[in-house]
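Hello,

Here is the structure for you to look over. My notes follow below it.

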Amino acid sequence: MKRRTFLKATALGGGMALGFDLGPARAEMRALKIARTTETRSTCPYCAVSCGVIIHTLGDRAKNVTPTVVHVEGDPDHPISRGSLCPKGATLKDDITHKGRLLFPKVRRPGRDDWEDISWDDAVARIARHVKDTRDRTFVERNARGQIVRRTPGIAMIGGCTDTNEFNMLQWKVITGLGVPYRDTQARV
């Protein structure tokens, strides 16, 4: 018998022995708001501590149903945070469901003060073009002593704390291939 079952049985038996009527209490019971949700375990994106979170979404995964985040809580099984979240992590649901959250890439054209939506393909192409142009413009083949260095000091990179070690390793290989000397990652996962 589990401890919780024992305590329930003890409370129920004690209440009946003393003559308490549990009918109104049972009538007040209702299902938890997360009873029909799908649990997704994730990592808090805010700092390098990498606390574990459980994100509860409501939606039956049907084709025309958009899942809605209804609750976010700390993951008690996570080895780092053991269910604890800081104030930022505790408000993660509000960041996910905020009406002003950006869902598409935006660009501000030269000489303009407003931002316009662009497609993901266009955003990736523009970033690739900027990386290529910067690398071509700032690439250093040899240092002042004539030693071969092959680096691009015009680019720096930092990996996020929510990225896995595997993703950061692949990122590291790409930027090493580009010759980026200024790099760091916050990987803890």
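**What I found**

Phenylalanine 6 sits in helix α1 (residues 3-17); helices are DSSP runs of H or I with at least four residues, strands are runs of E with at least two, and both are numbered from the N terminus. This is a predicted model, where local features need pLDDT of at least 70, side-chain atom pairs count only at pLDDT 80 or more, and totals for chains, interfaces and linings use all residues. Residues are numbered from 1 along each chain as its sequence is written, and side-chain values use heavy atoms, without hydrogens or water.

Phenylalanine 6 is partly exposed, at 46% relative accessible area. Buried means under 20%, exposed over 50%, partly exposed in between (1.4 Å probe, protein chains only).

Now the core. The largest nonpolar core has 7 residues: Cys44, Cys51, Val53, Ile55, Val69, Val72 and Leu92. β2 (52-58) and β3 (68-74) each supply at least two residues of this core. Such a core is a set of buried Ala, Val, Leu, Ile, Met, Phe, Trp, Tyr and Cys residues joined through side-chain atoms within 4.5 Å.

Next, the backbone. Most residues other than glycine have a negative phi. Arginine 82 is not a glycine, yet its phi is positive, about 50 degrees. Arginine 82 lies in the loop between β3 and α3 (87-90). It is exposed, at 63% relative accessibility.

Arginine 150 also has a positive phi, near 45 degrees. Its place is strand β7 (residues 148-151). Arginine 150 is partly exposed, at 49%.

Glycine 179 follows α6, and its phi is positive, near 85 degrees.

Best wishes
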